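This report describes selected backbone, packing and core features of the structure shown below.

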Amino acid sequence: MSPLTVPFSQFVLKVHSRCDLACDHCYVYEHADTSWRGKPRAVSERVLVAAAERIAEHARVHRLPAVHVVLHGGEPLLAGPALLRRAAEELRRALPPGCALDLRIHTNGVLLSRAFCDLFAELEIKVGISLDGDRAANDRHRRFADGRSSHAKVIAAVELLRLPEYRHLYAGLLCTIDVENDPVAVHDALVALEPPRIDFLLPHATWDQPPKRPSGAGRVPYADWLMAVYDRWTAQGCPVPVRTFDSVHRTLRGQSSLTESLGLDPADLVVIETDGTLEQADSLKTAYDGAPATGFDLFTHTLDEVAAHPGMVERQSGLAGLCEECRSCPVVRSCGGGLYAHRYRSGRGFANPSVFCGDLMRLITTIRDRVATRAVVPAQSAPVEPVLTERQLDELAGGHGSASTVAALAGAQLGVTRRLLAALAGEPGEPWSLLTELDARAPEALDAVLAHPYVRAWAVRCLSGEPGADLGSLAEIAAAAALRAGLDFELPVPVRGGAVHLPTLGRVLTVGAGRAELRGTADGFTVRGVRVGWDSAGGAQWQPVRRLALAGGWTVALEDTDPQRDSHQWPVEDRLGEAELLGWTGALREAWELILRDLPGHAAGLRVGLGTITPLRSAPAGRDVSAAARQAFGAVGIARPATAPTLALLIAHEFQHVKLGAVLDFHDLYDPADEGRYYAPWRPDARPLEGLLQGTYAHLAVTEYWATRVRAYDGLPGEPADHARVELATWRAHTAQALETLAGSGALTAAGACFVEGMHAGLTPWLRLPLPAEAESAARRAAEQNLAEWRARAALAGS
């Protein structure tokens, strides 16, 4: 298990502990745990205030860009509008600036009314509804205590949420599977209600209390049921997102799961009960009486203390936390051992496969074979909910991004790196012990290293099993963070390529290979007889990372020491000599001044989101070379161009890729199953949808850059002015055409369609800028030439 815990970002706040239905499959009232009997019916003012303060404290300590809170029960609407208002207001009041609140309520819908909907619209609370399908399916379990049907009232609640004035509150439908229900009828009934998302949940069960398997239903009835739904869903063109199926698709493609019941993402959820006690996930109530309990409460314990609880740590330990049978399973990266609660067996605890193991195996392998993709290890890991507000997404879609918005992306990326590090957990050792100590004593120093772009790049390489990728960098990371914190420590570190590497700090040149003992103190460190003091240069053997402090508050590192920096498609430059360093320094100062003056909408985001420029080797024939690595947020690679304005253009262009890559880690803008290839006006080869989206977004900045050049040359004749006008005409036409292709692809999600609309709005001012007919004609000729080349290639490929 990893000693480095992942902070909580999801909170279930119980506002009422009783329910107005008597569902016989309810894990709260009908399973092993009976703790609900001793809980207050409604949450108190004292608990609400304490909950808001603890969540805010946790957000500040870990610099969370967003927290996700679900108001829950029992039935939360029983708490009444006044108490729900107080909960929302306290949560928003307490959160620190820059931390967004995603607030939701999960209800059976029986009490939902216009008055509640008006309240939720005012307080920005989204609403999820429990519904098991058509009337026959729903009433099999979801009835009032006297046996009356709840279906009509639930449907009335959903219809309220479908009204135009409340549609934005509609979060989705949650359906608990009963294999005796008709799967196609259930699917059709739910889809007819046009939910933004459907969740199909396996019924809670353990090895002690296994799920029902009706005679004649087959060996894997839950897989058969879900595959019947999957077939119907795909036959209808996947009309709404289904979290289970989307999660299988994502994990098979190496992405994160959207649900804790699949995948290896560390759990980051804590439950706050009506009495202020802090518990693990509610699903554990199905295992045994008291299973979710931690012994902690809001009034005497921090959330960091709860995160260190053995049960929480085990649920964050990824592959290492699974039993041997699961670790050796070919679909473990998608299955993740199933829901933690479903693994329980008396005498063995949770060290078992899921009681639904056979069903999960059949479901995942059947979908894998249907989509003809290869299961791979996760390339990234993300929270299950988006990290940006709609306003922030709109802001980014326009091509820019404020400091707070880009800071939210950066904070979320730091969370990704922490999760990746947790997924790499092995047996405890010196690096892990030091990382644990740093996480407790100096989290800012640790985060400064974990936020280094190439730490994530290294972690992804390890998880992907790339040749040469190993866990030796854990010691380098721990040592660098401990040196930043000024701790006294001793730690063996690897010697690679004749150097000891310290991410974000630099490297010490030495001889030999293997490992070296590094001794750190508050004023420096010693390794293999080389003493490096922070108050001295450290001699020729010490090569620190060089940082440039530029006007306007931007500090950027020229990274030419980190061995993980070779993460771009172009080869990296070796250690810069003094003359080359001076050239970079002058060019960056000029380029940054140009960005501040002419591209201020980009400057604010660059200042907080781009901390590393990696010098690349120049290409032959003077071609400009630049790149952004998908798994290295905060870095771009550039071969220094001939002029500072070109450097400004390359920085703005590549940072667009950095931002959009971070957005795509947390927000599904397109269907990942789309395998189409699309024409990109600036390339002769067809592009996958993400490639077209990335290129189009980057060229928003390119278009804006050339528009500023045209304005600078306004009224002036000559080659520079003519060149700028042709470039603007070309790039705005390319970008507009690509936006049309994206909008007509049929593969965008609702969020993706809004994002593309925002990109078009960002382009519109430059489309309106008048240009000479000669520039427009030159742009058209270039476009026709590109299209002809693309068609020739397509024809050749087709033959």
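## Backbone and packing report

Glutamate 194 lies in the loop between α6 (183-191) and β6 (198-201). The model is a predicted one. Phi of glutamate 194 is positive, near 50°, although the residue is not glycine. A positive phi near 50° is likewise assigned to arginine 63, also a residue other than glycine, and arginine 63 is placed in the loop between α1 and β2. The table sets out the accessibility of these two residues.

| Residue | Phi | Relative accessibility | Class |
|---|---|---|---|
| Arginine 63 | near 50° | 38% | partly exposed |
| Glutamate 194 | near 50° | 43% | partly exposed |

A further backbone feature is the cis peptide bond from glycine 73 to glycine 74, with omega near 20°. Glycine 74 belongs to the loop between β2 (66-72) and α2.

Helices α1 (residues 45-62) and α2 (residues 81-94) pack with their axes 8 Å apart, at an angle of about 30°. Angles under 35 degrees count as roughly parallel, and α1 and α2 are therefore roughly parallel to each other. The crossing of α1 past α2 is right-handed. Among the residues making the contact are Leu48, Val49 and Ile55 of α1 and Leu83, Ala87 and Leu91 of α2. The contact residues comprise nine nonpolar, no polar and six charged.

The largest nonpolar core has 123 residues, of which Leu502, Phe525, Leu588, Ile613, Ile651, Leu693 and Phe755 touch the most other members. Helix α22 (residues 644-666) contributes the most to this core, with 13 residues. Another core, of 98 residues, lies apart from it and includes Val43, Val69, Phe116 and Leu298.

Terms used:
Residues are numbered from 1 along each chain as its sequence is written. This is a predicted model: local features need pLDDT of at least 70, side-chain atom pairs count only at pLDDT 80 or more; totals for chains, interfaces and linings use all residues. Side-chain values use heavy atoms; hydrogens and water are left out. Axes are lines fitted to C-alpha atoms, for helices over the stretch in contact, and angles run from 0 to 180 degrees between N-to-C directions. Helices (H or I, at least four residues) and strands (E, at least two) are DSSP runs, numbered from the N terminus. Angles under 35 degrees count as roughly parallel, over 145 as roughly antiparallel, 65 to 115 as roughly perpendicular and the rest as oblique. A crossing is left-handed if the near helix is turned anticlockwise from the far one by less than a right angle, and right-handed if clockwise. Contact means heavy atoms within 4.5 Å. Ala, Val, Leu, Ile, Met, Phe, Trp, Tyr, Cys and Pro count as nonpolar, Asp, Glu, Lys and Arg as charged, and the others, Gly among them, as polar. A nonpolar core is a set of buried Ala, Val, Leu, Ile, Met, Phe, Trp, Tyr and Cys residues joined through side-chain atoms within 4.5 Å. Buried means under 20% relative accessible area, exposed over 50%, partly exposed in between (1.4 Å probe, protein chains only).
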